[in-house]
Amino acid sequence: MAPENSSLRGKKAGFTLAEVLITLGILGVVIAMTLPTLYNRNLYKTLEAGLKKNYTIILQAFDLYYAKNGEKLTPDIIKGNGTDVSLKSLIMPYFKVLIDCGANGDHKQKQCVYVNSQYKTFSGKKLNEFIAAFDDGQFVIEDGSIILIEDMQGSKYKFISVDVNGRNKNPNRWGYDLFTFELMDNGQILPMGAPETRYTDKNEYCSQTSTNVYNGIACTYYAINEKNYFTNLSN
């Protein structure tokens, strides 16, 4: 038998301290690069689920109205033969309401929206005015989402918006966690951006480059119907 090499006697395979530190450093860089992407993907999956859930809740509220009153709630009913009645007052009883924020928000309730600058357009521009898109009533429902009503008195346009994760959670941005639906003449609730709705031009109302103050209002249709909509937001 050949004699054992004395230079190898007693040695064990392993990493040096320098090698361990280099490996940890590389892992740290990889984690730092991937964590934001993973966070965003999880966030947008949550927002997508919130949109679908709240769309169902809104549809159920109008179905309950129909079941109790024997007719669908339509813009004509809300107009009340020339004298507008509140869409909020007619539909709120059919939601499970946690907080009634009144018409223009309640300063004492942190979950209510009382200044428009709390929200941004789809392209990230701050809404500096309380635009006529959700200023005719609001209320927080049991899961923390907030419903925002627009009557547009004197016209047929009646909008229902929802912030699916509440006012106190970002991104507070149209087309991200804030979505708008329209009450149609036949009583249907359609996602804004659908061909029959008031705002349909994607270049103006659901674009990362548009400067229109209503940019994002039409994104609801695409958020519901495009498979990769939320995936694209996270990229």
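Two strands are said to pair if DSSP finds at least two bridges between them. Strands are DSSP runs of E with at least two residues, helices are runs of H or I with at least four, and both are numbered from the N terminus.

This is a predicted model, in which local features need pLDDT of at least 70 and side-chain atom pairs count only at pLDDT 80 or more, while totals for chains, interfaces and linings use all residues. Residues are numbered from 1 along each chain as its sequence is written, and side-chain values use heavy atoms, with hydrogens and water left out.

I begin with strand β3, residues 146-150. Five of its five residues are buried, that is, under 20% relative accessible area with a 1.4 Å probe and protein chains only, where exposed means over 50% and partly exposed lies in between. On one side these are I146, L148 and E150, and on the other I147 and I149, so that both faces are covered. In a regular strand, side chains alternate between the two faces of the sheet.

Next, the partners of β3. Strand β2, residues 138-141, pairs with β3 in the antiparallel sense over three bridges, and V140 stands opposite I146. Four residues lie between the strands of this hairpin, where G144 takes a positive phi near 95°. Strand β4, residues 158-163, runs antiparallel to β3 and is joined to it by five bridges; there, S161 is the bridge partner of L148.

Finally, is F15 buried or exposed? F15, in the segment before α1 (17-69), counts as exposed because its relative accessibility is 73%.
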